[in-house]
Amino acid sequence: MKKYLTAYSIALQQVLQRRSSLLMDRVGGVAVIVSLYYFWKALLGGKAEFLGYTGEQMLSYVLVMNVLRSFVFTGRGWELVGEISSGRISSYLVRPLSYQGYTLALDLAQKSVHVTASLLEVGVLILVIGAPVYMPKHPGTWALFITAVTLSSLIFFFMEFIVSSLAFWTSESGGPLFCFELFLQFAAGTFFPLDVLPAALQKILNFTPFPYMVFFPINIYLERIPAEQAAGIIAVEALWLAAAVWAAGTVWRVGLDNY
């Protein structure tokens, strides 16, 4: 465990050293959140409710979504693709560590920085424009929300690991990774609540892990989902995580054999 904590510490310092890259990432994040906030605010107008969301809940969805984007969808997929394609992966294979554990430590370092920055952005936005924020009324909601977000972040990590591992077979794996990340954010409810989609499409997405990564966790936070149903959602997330861990391990072993 000590070596992974050391890797986390070093990675944290490296992320903070690349200040210009971090700043540009966060500027892009601010542009997205401000655009979505005013889009939904204009769409709500003077309506008391929209798609079952109160005005406070809908605008809070946008704010919480910004934090979740920074925590759930921050990853090292592109670095893994580069390490496999360039052959640098060989240097890790001879070290006494689990590559997945090492990558997860680096991933957590990036998430720590980005989620802290996103919380500051949301805080400033709330102070500057007086954005309404829905706060859960039941203490148990926080435990359910944090558990759901933790599982969704791990699901993304292993799913991205699987797609990035395609670099063992093709040098063009960057294309599938880009398409995967773009589609994932759409299907997870990052740009809008999935309630706006046709009911049939919502049912199809519910058979995938995508809505469990942003849409359901935010709805747990907004207390639009009863505690019993939230526990069921978390159980489904745990099953998806188990499947992702198994698939990532299988693809990794087969990829190493090919490598």
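Analyst: Let us begin with the radius of gyration, which is taken over C-alpha atoms; the globule rule is 2.2 Å times the number of residues to the power 0.38. With 259 residues, a compact globule would come near 18 Å, and the protein chain has 19 Å, which agrees. Its C-alpha atoms fill a box of roughly 60 × 40 × 35 Å along the principal axes.

User: On what kind of model do these values rest?

Analyst: The model is predicted: local features need pLDDT of at least 70, side-chain atom pairs count only at pLDDT 80 or more, and totals for chains, interfaces and linings use all residues. Residues are numbered from 1 along each chain as its sequence is written, and side-chain values use heavy atoms, leaving out hydrogens and water.

User: How many helices and strands are in the protein chain?

Analyst: Helices (H or I, at least four residues) and strands (E, at least two) are DSSP runs, numbered from the N terminus. The protein chain has 11 helices and two strands, in the order α-α-β-β-α-α-α-α-α-α-α-α-α from the N terminus.

User: Is Pro217 buried or exposed?

Analyst: Buried means under 20% relative accessible area, exposed over 50%, and partly exposed in between (1.4 Å probe, protein chains only). Pro217 has 0% relative accessibility and therefore counts as buried. Buried residues make up 46% of the 259 in the protein chain.

User: Where is Pro217 found, and which residues does Pro217 contact beyond four places in sequence?

Analyst: Pro217 lies in helix α10, residues 215-221. Contact means heavy atoms within 4.5 Å. Leaving aside neighbours within four places in sequence, Pro217 is in contact with Leu68, Phe145, Ala148, Val149, Pro211 and Tyr212.
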